[in-house]
Amino acid sequence: YPNVTPGYMEELVFEDTNIFKAYYKGKDLHLECNGYVVQYDHPENTGFDKITANDAIVVFVNFKPIDMRMKPKKELEDKYEEIRAFKKTIIEKFNKAVMIELKNKDNEVDLTLHSGIDSVKVLFSYEDVLIGWNEEK
């Protein structure tokens with residue numbers, strides 16, 4: 001990836017980001033995705049407008065799941081059930097998922113995804129994050 005930056009999660013918008021492939025390398029979680037919006041105050045954005053980063057990756061260094069909950073689509077209530085956040089479950093739920101909302105604070109992420117027909121909420125911590133992309137508009 002020609003554009004790679006550590007950190008700066010607050011300057012990115014992941015709403016409706018499609019995750020094509022999720023995998024672990026050691027303790028790091030890699031998410032290959034279609035892209036995201038890079039705000040004008042991100043160091044890789046040298047213009048005055050937002051840019052769309054395409055063919056992108058997000059690497060959460062030393063990824064540690066804290067809580068994972070799922071709500072089957074058939075459930076009408078906004079009631080999430082706790083599921084075990086094993087590596088296999090993380091990969092199953094992240095692969096081919098769509099990021100709906102991502103809140104980041106103090107190296108902790110609260111992420112809502114749509115995975116298949118389910119809605120999944122994942123709370124996790126990380127040591128650092130690497131953000132990269134191949135193309136921009």
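**Notebook: L130 and the overall fold**

I started with L130, which is partly exposed at a relative accessible area of 33%. For my own reference, partly exposed lies between buried (under 20% relative accessible area) and exposed (over 50%), with a 1.4 Å probe and protein chains only.

A note on the source: this is a predicted model, where local features need pLDDT of at least 70, side-chain atom pairs count only at pLDDT 80 or more, and totals for chains, interfaces and linings use all residues. Residues are numbered from 1 along each chain as its sequence is written, and side-chain values use heavy atoms, leaving out hydrogens and water.

Next I looked up where L130 sits: it is found in strand β11, residues 128-136. Strands here are DSSP runs of E with at least two residues, and helices are runs of H or I with at least four, numbered from the N terminus.

Then I went through the whole chain. I found one helix and 11 strands, in the sequence order β-β-β-β-β-β-β-α-β-β-β-β. The radius of gyration is 15 Å, close to the 14 Å from the globule rule for 137 residues, so the protein is as compact as a globular protein of that length. That radius is taken over C-alpha atoms, and the rule is 2.2 Å times the number of residues to the power 0.38. Along its principal axes, the C-alpha trace spans about 45 × 30 × 25 Å.

Buried residues make up 45% of the 137. Of the contacts (heavy atoms within 4.5 Å) with a separation of 6 or more, 61% join residues 24 or more positions apart.
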